[in-house]
Structures are given as structure tokens and as C-alpha cells.
Amino acid sequence: MTSRICLVMALLLGGMPGARAADLPAWDFEQGVQGWLSLDKQAELVQEKDGGHVHEGAASLRFSFGARAAAAGELPGVMGVPVPGVTGARCLHLAVQTSVAGPVVLALRETDESNYLLFAHLTADEWHALDFPLAEFRLDEHSQDENGRLDPEQVNFIGVADPGVFLAQANLPFFYARPNQRTLWVDEVELLEGEPDRLAAPAAAGCALPPARHASGRRPGPGRPAPAAAPPRPCGPRSAA
């Protein structure tokens, strides 16, 4: 089933346009959807201003969709944004909230149409502030790349998907449970020059460092000053904003 998900994502993302890079992009959705688009023709992709679904600032991005059979040229449960390369980036940061617990797929597509994927499992109804080193993304088994590694300067599309939609179509009981209508909220999407804090030092015995943004590498959103460098966080759960 994972192979099917990856193959369909590769086919759909393969048709997205590329561009040339100038700087690392960031989206805080304070000014609308900021270029993000839906590959699901029946989904709703809008700016969200309900405070319970905003991680920082006054707005986030809301993506609502349903589990259904995919029509030609679309992919239910997938959204993303074209980017002009991400030269110099080492980490992808984003905050995600989901209405249904389950996996979320992040995809980075190169200009040669190779796709690099990363899966994360999220609990429902709470914000997850996540940092993923680009080195953790793995080449989709249905993609071919000339050097077998992700090249940030070649990335021209960032995708976010809920694979539960595909699993629901396969009539797998766990994922087919109601509600079939799902919503993802995304906020503070940023490409960072530094590695996340959780990789800066080993965790204490019996304790895992939580995902956390890298203070020195974080880019401010439009109209907001750059944040001051934060002291090292103690090992333990990170509270949602």
C-alpha cells in the first residue's frame, strides 16, 4: 500500500512546474494561502483565523478533504507549494494539526521529477511543531535520481499529504473509520539553514529530545522581527502555542 501511495504522489508531483532560487522561502499564511495549492479538486484550501487552529500569529492554512476515489489528474488529500529551489537549506520546519490521528507524508520534488518522502505519525487535535533535516528524506522507490541524494537547489515543490485517504479507499478498517472528512492545519512552514535543536546534543538516558525549531536558523515571517536566540531547551515534551 505504501508503494501505491508513493507511486501516485510521484506521478502527480511530476507535473508541477519548477523555478530558479533566490532565497530560502517561508510561509506564515498571514496574507492568505501564499501560493499553496490543492491537488485535490474537491478539497477546500483556505486561510484559517480561528485561534484554536492557529499556531503562531493570526492565521494558518486549512486543508479539508474527504476519503474518496481519485479522479484523473488529481490526488485526494494532497496539497503543496511550488518553490524556486531551496539552496542552502538543511531542515524543513512546519507546525501541523490534524483532525484525525494518523500518518502525514512530506514530499520534496526535484526538477528531474524524483521525489523524496518522509512519513510522520501525528495525534489528533493538537499542534505538532516539527523539524526534519533534509537528509532524513528518502528517495521514493518509484523515482530515479542521477546521484541518489536530495539536492536542495533542485527542489521545486514541497508537498503535504494524508495517506489515510488512500488506505480508506482500500477498505482497511482502521483508516476507514468515520469521520472520512479530514482537515489538516499547517502553519509556520520554513526552510532553515541549520539543523534542528534535537540533533545538537544527545538525549539523556531514557529521554528523547522533542522536535524543536532551530532558533539561530529560523527565518521571521513577513512583518515580524527575527526571534532572539533561545537558550537550550530541557529534555521533555514541547508545549503547543
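How many aromatic pairs does the structure hold? In this predicted model, the count comes to three aromatic pairs. Two of them can be followed ring by ring. The ring centres of tryptophan 27 and tryptophan 36 are 5.8 Å apart, and because their planes meet at 85°, the pair is edge-to-face. Phenylalanine 29 also pairs with tryptophan 36: here the centres again lie 5.8 Å apart, and the planes stand at 70°, so this pair is edge-to-face too. Taken together, ring pairs join Trp27, Phe29 and Trp36 into a cluster.

The chain has a mean pLDDT of 75, with 63% of its residues at 70 or more. Among the elements of the chain, strand S3 (residues 44-48) has the highest mean pLDDT, 98, while helix H1 (residues 2-13) has the lowest, 44. Residues 1-22 have pLDDT below 50, and this stretch makes 56 contacts in the model beyond near neighbours in sequence. The pLDDT is also below 50 over residues 174-178, a stretch with eight contacts beyond near neighbours in sequence.

Methods
Residues numbered from 1 in each chain as written. Predicted model: local features only at pLDDT ≥ 70, side-chain atom pairs only at ≥ 80, totals over all residues. Heavy atoms only, no water. Phe/Tyr/Trp six-rings, centres within 6.5 Å; stacked < 30°, edge-to-face > 60°. pLDDT = per-residue confidence, 0-100. Helix = DSSP H or I, 4+ residues; strand = E, 2+ residues; numbered from the N terminus. Contact = heavy atoms within 4.5 Å.
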